[in-house]
Amino acid sequence: MLKLAVLVSGGGTNLQAIMDQIAEGKIPNTEIAVVISNNKNAYALTRAEKAGIPSVCISPKDYESREAFNDAFLSAVCSYEPDLVVLAGCLVVIPEKMVAAFPNRIINIHPSLIPSFCGTGFYGLKVHEKALERGVKVTGATVHFVDEGTDTGPIILQKAVEIKQGDTPEVLQKRVMVEAEWQILPEAIRLIAEGKICVKDHRVIRQEEER
């Protein structure tokens, strides 16, 4: 059984996509051990509570320093002994000590086709605002493993989404969620649960590619 710790900061729509696919049997032998948020008002915590999943809030406002918060956050994650840490709309900068504790066992969903519109400062609506400003015709989402950099880890899956005339950042954000994020994040978890991917030389290799 693959045990997940899902880290969230907001509404939890990606969390819901994961929960739904686990419930439907599309992600086999997988359970969410805990949902952890840095934001006590995150609706994702309510989603977890309604589903009977343990949930915890570790807020930086409750700690005297960022280091103390990072230690508490890592301690909370480790206490549930997850096999995989899933960043599902988590706005916490993951400290290096957490990356070291879970090598190639933390994945993140980013709302662009990395390496475009990613890195420090690119999150939430800002990603879509920049894509529209640049005038690109296609955007999308990427699931990747987390390393010490920002959006620099090995890419697991990507899915393209068309940008349409008249799109606003909000409209584009929703389309990317529906057409890409909610599909490829659960799919990446399924591949990991079934042991179908590994990391070699900073690249993700799918099992069928090794044959």
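In the predicted model, Asp 167 counts as buried because its relative accessibility is 14%, where buried means under 20% relative accessible area, exposed over 50% and partly exposed in between, with a 1.4 Å probe and protein chains only. The place of Asp 167 is the loop between strand 7 (155–162) and helix 6 (169–193); helices (H or I, at least four residues) and strands (E, at least two) are DSSP runs, numbered from the N terminus. The side chain of Asp 167 makes a polar contact with the side chain of Arg 175 at 2.7 Å and reaches the backbone nitrogen of Lys 164 at 2.8 Å. A polar contact is a pair of N or O atoms within 3.5 Å; within protein, one must be able to donate a hydrogen and the other to accept it, and residues adjacent in sequence count only if both atoms are side-chain atoms. When neighbours within four places in sequence are left aside, Asp 167 is in contact with Leu 132, Leu 172 and Arg 175, contact meaning heavy atoms within 4.5 Å.

Because this is a predicted model, local features need pLDDT of at least 70 and side-chain atom pairs count only at pLDDT 80 or more, whereas totals for chains, interfaces and linings use all residues. Residues are numbered from 1 along each chain as its sequence is written, and side-chain values use heavy atoms, with hydrogens and water left out.

Asn 38 is found between strand 2 (30–37) and helix 2 (43–50). The side chain of Asn 38 makes a polar contact with that of Ser 9 at 2.6 Å. Leaving aside neighbours within four places in sequence, the contacts of Asn 38 include Val 8, Ser 9, Cys 57, Phe 69 and Val 92.

Glu 81 is exposed, with a relative accessible area of 58%.

Another backbone feature is the cis peptide bond that joins Ile 114 and Pro 115, with omega about 20°. Pro 115 is placed in the loop between strand 5 (106–110) and helix 5 (125–134).

Val 199 and Val 136 provide examples of partly exposed residues. Val 199 is found in strand 8 and has a relative accessible area of 26%. Although Val 199 and Ile 155 are 44 residues apart along the chain, their C-alpha atoms are separated by 9.6 Å. Apart from neighbours within four places in sequence, Val 199 is in contact with Asn 104, Phe 145, Pro 154 and Val 204. Val 136, at 24% relative accessibility, lies in the loop between helix 5 and strand 6 (138–145). From C-alpha to C-alpha, Val 136 and Ala 5 are 34 Å apart in space, and they are 131 residues apart in sequence. With neighbours within four places in sequence left aside, Val 136 is in contact with Phe 117, Ala 131 and Ile 163.

The protein as a whole contains six helices and nine strands. Among contacts between residues at least 6 apart in sequence, 64% join residues at least 24 apart. Of the 211 residues, 48% count as buried. The radius of gyration is 17 Å, which agrees with the value near 17 Å that a compact globule of 211 residues would have; this radius is taken over C-alpha atoms, and the globule rule is 2.2 Å times the number of residues to the power 0.38. Along the principal axes, the C-alpha atoms fill a box of roughly 45 × 45 × 35 Å.

The protein exposes about 10400 Å², of which carbon and sulfur atoms supply 48%. Accessible areas come from the Shrake-Rupley method with a 1.4 Å probe, and for residues only the protein chains shown count as cover. The mean positions of the 23 positive and 27 negative charges are 5 Å apart. In this count Lys and Arg are positive and Asp and Glu negative, while His and the chain ends are not counted; the place of a charge is taken as NZ of Lys, CZ of Arg, CG of Asp or CD of Glu.
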